[in-house]
Amino acid sequence: MNTIPYYGPDDVKVSLKYEELVSALELALADFSKGPEGGVSQPLRATAQVTQFNGFLAAMPAYVESRHALACKLVTFYPNNSAKNMDTHMASILLFDETSGMPIAIMDGEVITAMRTAAVSAIATKYLADKKEVLAVLGSGVQARAHIEAFVKLFAIKKINIWNHRPNGAEQLAKHVNASFGIEVQVFADVESCVVDADVIVAATFSTEPILKECAMKSAVHINSVGAPRPQWQELSKELMNNSVVYVDSVVSATQESGDVIKSGAEIYGEIGQVVLGKVEAEISKRTVFKSLGLALEDAVAARLVFDMMEQKKKI
């Protein structure tokens, strides 16, 4: 067997462009929501909990026929790492040849995870947000930064509000935004002040209890929630969930893995792929929530894009 190439974070960053990633994922999510005829195979993630150290290891395999993408991501999540100045998420993706099952690449999964999550939130925002000028971000970690970078590139964002439970984290992210994009940015001491004038909210926290609750917001604000990926965790309150139109990436995943959905008992209006297909209405005149669990198909599609780009570079 030939040596399997490894593509690190820098390779991924130069290979993935948000415009191409959003386009590819939009089509893949639509395929997923078609059911078996869409050519997407994706079981629920398998997890092994490391209770002693408050962590877990997950395996996320998927096949997306239309993208020729067969892959499996292995990811660990250790929330306590943030206090040790270590990454909370660590991931690698193994990409296979769809015709033979032969491994063809191993690549860093952390950058892909951050970028594909932000790209899917951007797809939800494209369809569900009435306006996209003021962005409120709750959190200051990798996902918060990735969402800001994606949204600034994809939408005409004029102002960014930031809140984080550790104020220093919010200040550091604000400095990065200012230096990188030159957009007006403001740090807030409380969530309520951060979201009051927002057109779009991104909740990207490690909270296990709701941090975004019913408060003064624009009536048609759109909320992307990418935190609380466990059945026992929440970052949105029960009242907020039940008073919003809720969309998800996968109904099956959301009803089994999302504490925000499970604990609130909120009705799921539809999958974002169904919105893309025109089978479910985008309720842009109402407050909407997109609850994102992160799907293995998204990793597979992104990994295939990276591989194809790296293969093209070899031919130049």
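This is a predicted model: local features need pLDDT of at least 70, side-chain atom pairs count only at pLDDT 80 or more; totals for chains, interfaces and linings use all residues.
**Stop one: a serine inside a helix**

Start by selecting S121, which sits in helix α3 (residues 110-128). S121 counts as buried because its relative accessibility is 0%, below the 20% cut-off. Now show the side chain of H147: the side chain of S121 makes a polar contact with it at 2.8 Å.

**Stop two: aromatic pairs**

The structure holds five aromatic pairs. For one of them, select F56 and F77, an edge-to-face pair with 5.8 Å centre to centre and 70° between the planes. F56 belongs to strand β4 and F77 to strand β5 (residues 69-77), so follow the chain between these two, which are 21 residues apart. F56 is buried at 9% relative accessible area, and F77 is buried at 3%.

Next, pick Y247 and Y269. They are edge-to-face too, at 5.5 Å centre to centre and 75° between the planes. Is Y247 buried or exposed? With 0% relative accessibility, Y247 counts as buried, whereas Y269 is partly exposed at 34%.

**Stop three: the second largest pocket**

Finish by selecting Q42, P43, L44, S250 and S253, which lie nearest the centre of the second largest pocket. This pocket has a volume of about 190 Å³ and is lined by 15 residues. Helix α8 gives the largest share of the lining, three residues. By class, the lining has eight nonpolar, four polar and three charged residues.

Terms used
Residues are numbered from 1 along each chain as its sequence is written. Side-chain values use heavy atoms; hydrogens and water are left out. On a 1 Å grid over the protein atoms alone, a cavity is a set of points where a 1.4 Å probe fits but cannot get out, and a pocket is an open set with protein on both sides within 12 Å along at least five of seven lines; lining residues have an atom within 4 Å of a point. Grid points are joined across faces, edges and corners, and a volume is the space filled by probe spheres set on the points. Helices (H or I, at least four residues) and strands (E, at least two) are DSSP runs, numbered from the N terminus. Ala, Val, Leu, Ile, Met, Phe, Trp, Tyr, Cys and Pro count as nonpolar, Asp, Glu, Lys and Arg as charged, and the others, Gly among them, as polar. Buried means under 20% relative accessible area, exposed over 50%, partly exposed in between (1.4 Å probe, protein chains only). A polar contact is a pair of N or O atoms within 3.5 Å; within protein, one must be able to donate a hydrogen and the other to accept it, and residues adjacent in sequence count only if both atoms are side-chain atoms. Rings of Phe, Tyr and Trp (its six-membered ring) pair if their centres lie within 6.5 Å; planes under 30 degrees apart count as stacked, over 60 as edge-to-face and the rest as tilted.
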